[in-house]
Amino acid sequence: MKKTVFLLGSAVLLMAGITGCSDKLDDFSAPEVDTYFPTEVGKYIIYDLDSTVPGQFGTDTIVRKYAVKEEVNALLSNENEVKTYRIYRYITDQARLNEFKPENTFAVINNKNTNVQKVEDNLKYIKVQKPVREYFEWPGNSYINSELNSSSPYAHLYGWKYRYENVGQPFTINGMTFDETITVVQKDYEELPEGPFNPNYYKSWNYSVEVYAKNVGMIYKHFAHLTWQVTPERAWEDGSFRVIMKIKEHN
């Protein structure tokens, strides 16, 4: 009987070892994080952008349509395999009847062995994280001061767990099909309270997802943070907005 117990225990340890090795092999064989977030100087992507914001008195919403171009402008630093790039953002009307004009400057930090971070409006997001595999999670907003139930304007970003879905799957947008993509679910759809919208009662929506294509970068984004308040008056809360970005062109 003792021999049987010993053999069973050995089998369990062996299976645990195989599982552990399998996880390590999966991590080793996973693509580098910058495969889906290339940062070569001169690379650009042009997007169709729909921006939904409250109207003048906050009682309705309006949708503004633009074309935006994000271009890797320069390598700012390269130390210990950590490369920091400057990103220029340009904007024009969605029909592109006018020339692009400078709108903003971002930074992208490529930690070759760990992750790629993007700094937008002084907020640092961990956009992609190693290993790139199905359902892997990481705290993408961990650099942002976003304490829940605080006066922080970024409280809605608190505790987000980014995760990969549809790793290596095709994705079609604006008539273009990209063979290998990853979907980063940053915030699952959240509707509080659930049910039909009634302007007599409080309502909020939060949702965020981005899709990245291999050797291209971000090809789709949908971010929504909308809050309807009923006190002191019925109106959309300041800071409510929705952004949808769809790739239109890239090099």
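1. The protein has one helix and 13 strands. Helices (H or I, at least four residues) and strands (E, at least two) are DSSP runs, numbered from the N terminus. Read along the sequence, the pattern is α-β-β-β-β-β-β-β-β-β-β-β-β-β.

2. A word on what you are looking at. This is a predicted model, in which local features need pLDDT of at least 70 and side-chain atom pairs count only at pLDDT 80 or more, while totals for chains, interfaces and linings use all residues. Residues are numbered from 1 along each chain as its sequence is written, and side-chain values use heavy atoms, with hydrogens and water left out.

3. How confident is the predictor? The pLDDT, which is the predictor's confidence in each residue from 0 to 100, averages 89 for the protein, and 87% of the residues score at least 70. Over residues 1–16 the pLDDT is below 50, and beyond near neighbours in sequence this stretch has zero contacts in the model. Contact here means heavy atoms within 4.5 Å.

4. Now for the overall picture. Of the 251 residues in the protein, 41% are buried; buried means under 20% relative accessible area, exposed over 50%, and partly exposed in between (1.4 Å probe, protein chains only). The protein exposes about 14600 Å², with carbon and sulfur atoms supplying 53% of it. These areas come from the Shrake-Rupley method with a 1.4 Å probe, and for residues only the protein chains shown count as cover. Among the contacts with a separation of 6 or more, 50% are between residues 24 or more positions apart.

5. Two strands pair if DSSP finds at least two bridges between them. On one side of the sequence, β4 (residues 101–111) pairs with β5 in the antiparallel sense over five bridges. The two form a hairpin with three residues between them, and N111 has N115 as its bridge partner in β5.

6. K118 has Y125 as its bridge partner in β6. The β5 and β6 hairpin has two residues between the strands, and D121 takes a positive phi near 50° there.

7. Turning to charged side chains, the model has 14 salt bridges, each a side-chain nitrogen of Lys or Arg within 4 Å of a carboxyl oxygen of Asp or Glu. One of them joins D34 and K112 (3.2 Å, N to O). D34 lies in the loop between α1 (2–29) and β1 (44–54) and K112 in the loop between β4 and β5, so the pair ties together parts that are 78 residues apart in sequence. D34 is buried, with a relative accessible area of 15%, whereas K112 is partly exposed at 33%.

8. Another salt bridge links K214 with E180, with the closest N and O atoms 3.7 Å apart. K214 sits in the loop between β10 (203–213) and β11 (217–229) and E180 in strand β9 (residues 176–192), so this pair ties together parts that are 34 residues apart in sequence. K214 is partly exposed, with a relative accessible area of 35%, and E180 is partly exposed at 37%.

9. Finally, which residues form a network of salt bridges? E70, R89, E103 and K118 are linked in this way.
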